[in-house]
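Hi,

Here is the structure I promised to pass on.

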Amino acid sequence: MRLLQYNKDGDFTLIEFFEGDIPKKYAILSHRWGAEEVTFKDLTDGTSRGKAGYGKIQFCGEQARRDGLQYFWVDTCCIDKSNAVELQEAINSMFRWYRDATKCYVYLPDVSRPRINSAGRSNEDWVLIFRKSEWFRRGWTLQELIAPASVDFFSKEGELLGSKASLERHICEVTSIPAKALRGSPLSDFSVAERLSEGKDKAMDRLREEVDKASKGQKREDFSVTFSLSDVVDIDHFVAREDELSKIHQALSGDGSRRAVVLHGLGGIGKTQLSIAYAKRHKNNYSAILWLNIKDEDSLKQSFVKLSKQISREHPSAIRVSNPEANQNLYEAVESVQSWLSLPNNTRWLMIYDNYDNPKLPGKSDPTAVDIRKFLPKSYQGSIIITTRSAEVRIGQCIQIQKLGNMCDSLEILLNVSRREGLVMDPDAMKLAEELDGLPLALATAGAYLDQTARSFSDYLRLYKESWARLKETSPELSSYEDRTLYSTWQISFDNIKQRNPLSTNLLRLWAYFDNQDLWFELLQHSESDSPEWLRELTKDELGFDGAVRVLSNHGLVEVATSSQESTESKGDSIHGCVHSWTIHALNQKWDYDLARLAVKFVAAHVPGEKDSRPWTMQRRLLQHAARCSHMFSKSLVRDDELADDCHNLGLLYADQGKLVEAERMYQRALQSNEKAWGPEHTSTLDTVNNLGLLYADQGKLVEAERMYQRALQGYEKAWGPEHTSTLDTVNNLGNLYKNQGKLVEAEQSLNTTFNLGLLFEHQADSGTARTMFLKALRGYEQVFGLDHAESETVRNILCALDVTDRPSTNSKRHKLLQKLGLRSRT
């Protein structure tokens, strides 16, 4: 064993000792290796002073001298690592060397403890920083904590932070090492399971890394997808949860066969952020980490569409979906991703299903509930994390995420978000953390408020208690302590926002009438002259709108978008589901029917028309807001008056997206409103009747469809005449319906009406209208009889020969073609 001796001239001497001659007293250094460490060679050839790591050796020598120790040991330079035999012997002897050391000095370059100021208070809460030190994540940390009898911790300035005895509680909470192990209890006092629990995970990690390295060029690279968190809101400083992170890691560790973990707990407890923290920490263990929003089935399918694009960009031959946004290709996108994840050897992926708060469960009849099993990869491989508020989801190992139990963790959230110092020394900060009861979302909201104001912790604590008492009077139905805690913090922030920017508070109130996710500027730009003045001001320009959102974001109430749907319009912002519930039940305790009506009109006005390019993208972006409108209609939270056109548009949106039940409900609302306002024969009423016929036909309700078509046809003929395009479209619809019913004679008679109208308009020299009639007839014949049928071929020949500049005569090309073909008017 080589030891360093600190000479009087400030230099070091390296002395080699053999077994039996090793001094009884020496100090030993524990640290993380960094850049430019001093090696054995550097020390022997005199080049050590120029390296950054020399300072650590100086610190260790000076501290040893202060402790009355002549010798000390530093691993970087006391072992000749170029000698493989010596290196192996040193590794085998390491535990004994640390055990026999008189003092072990832990040097922490990432922990700073400024000197105590005149008031006797620390300028910085070093304890929170100490708990997050990278030193605790080393492979050698366990050995170097339990082997030496005396372990002292030092900051980067060389200041003593404490010993393993004085810092025992923090060390135990961070490392999960039992206190009796730190106090020197022999290993025989611990079970085999306890002795293996710490090292087993690290050994498996190292083994997995080696396996991954060996297979990278052969298999793993074939399935790698770039790690991205663009679709989730990530926080800068994740606090605590080391025990939960360890449990997740243990549950998902395996040989590549299916492993699943369900994280369940209260809303706002930090399930999503815990998943993010796990993904970031272990991203190198997975070939692909894929994020899905399973709030509802529409959001989940859209997540699969994004994944199919992401995978196809990096593996063009793996995913073959021509247009994944199109409604007819949604299931194809889902299946293509499932198939790719089920390929042989593609076993190192991680799928995170976030926000599974409405699960399909036995005995639960909610039609909006999601059955996650339909959207899991088919092969029994890979890793899955599910976050949910429900404790009834049973897919894999369940881990309950509870409130933060340690005061230091709560204080750390307040420290990070409020950007204030000295919280451990502030009794009011500790009282506030205690009041907020370990709820991360409440702590973050309080911290954001304190960051935006100059109020003290005692001021906030007073406001919190006042808000709590007020809430108890105004909302007695809030029996949950957690809900009252959250609602009280949000109300304090809301009162402050109201003073700073009234537009922000009005926007937050309005948000209750939309979905909580993806609200964007253009969606609200449908204000009318009778709209509230504040709404016209809010949407006057994007700069003002962004300013209002920014105020909400600074107070921790809005999650500003990091990405958006692929759209020509601006990115959307979101609010946490718990915050959204508060806007509904507290901010809008007295329901505002006018705001509900505006929300419906805005969503309906944004439904793309037939001529819009790539309408599917906008349709899918609107679906979650349309669902919110449907909910308000079903609960009588919005009045149908003067919303017939809007219901009709929402029906079109649902029908185009294959949501036929929802479409029927909206069409029926529109029909009832139009009949009441305009009468049964008004053209607006007839448009809805015709669309209902189309919908019934798609549902296979052919009798109901025929009844709707006949009613629409009679109404159109009376209102517009037999030659109007609306009339003829209905004629074609009837032809298709008769064909599906097997009524081919009626189908042909229906379509012949359009053909004969084409002949009539040609005879009247109205070639443009004649061409329109023939094109509609052709479309109908092709749909009913097929592309190669004689009727279809006849109309195509007529269209080819149609001379749009000549009136029909006995010498016209048209007349000669008819004679040659032996054609006459249809009856």
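Below are my notes on confidence, the sheet, one arginine and the cores.

A word on conventions first. This is a predicted model, so local features need pLDDT of at least 70 and side-chain atom pairs count only at pLDDT 80 or more, while totals for chains, interfaces and linings use all residues. Residues are numbered from 1 along each chain as its sequence is written, and side-chain values use heavy atoms, with hydrogens and water left out.

On confidence: pLDDT is the predictor's confidence in each residue, from 0 to 100. The chain averages 82, and 79% of the residues score at least 70. Residues 213-220 fall below 50, and that stretch has nine contacts in the model beyond near neighbours in sequence (contact means heavy atoms within 4.5 Å). Residues 803-810 also stay under 50, with 13 contacts beyond four places in sequence. Where pLDDT is low, the predicted coordinates should not be read in detail.

Now the sheet. Helices (H or I, at least four residues) and strands (E, at least two) are DSSP runs, numbered from the N terminus, and two strands pair if DSSP finds at least two bridges between them. Seven strands make an open, mixed sheet in the order β2-β1-β4-β3-β5-β6-β7. Its edges are β2 (12-16) and β7 (160-163), each pairing on one side only. From one strand to the next the twist averages 30°; axes are lines fitted to C-alpha atoms, for helices over the stretch in contact, and angles run from 0 to 180 degrees between N-to-C directions.

At the β7 end, β6 (residues 151-154) runs antiparallel to β7 and is joined to it by three bridges, with aspartate 152 partnered by serine 163. Helix α4 (residues 84-100) lies across β1, β3 (27-30), β4 (71-73) and β5 (103-107), at about 110° to β3.

What about β1 itself: is it mostly covered or exposed? Five of its five residues are buried, where buried means under 20% relative accessible area, exposed over 50% and partly exposed in between (1.4 Å probe, protein chains only). Arg2, Leu4 and Tyr6 point one way, and Leu3 and Gln5 the other.

Why does arginine 2 count as buried? Because its relative accessible area is 13%. Its side chain makes a 2.4 Å polar contact with that of glutamate 86 (a pair of N or O atoms within 3.5 Å; within protein, one must be able to donate a hydrogen and the other to accept it, and residues adjacent in sequence count only if both atoms are side-chain atoms). The arginine 2 side chain also reaches the backbone oxygen of cysteine 78 at 3.5 Å. Beyond four places in sequence, its contacts include Leu14, Phe40, Trp73 and Asp80.

Finally, the cores. A nonpolar core is a set of buried Ala, Val, Leu, Ile, Met, Phe, Trp, Tyr and Cys residues joined through side-chain atoms within 4.5 Å. The largest has 118 residues, and Ile248, Trp490, Leu507, Phe514, Trp582 and Leu650 touch the most other members. Helix α23 (residues 593-605) gives the most to this core, eight residues. A second, separate core of 55 residues includes Leu29, Ala101, Trp135 and Cys172.

Cheers
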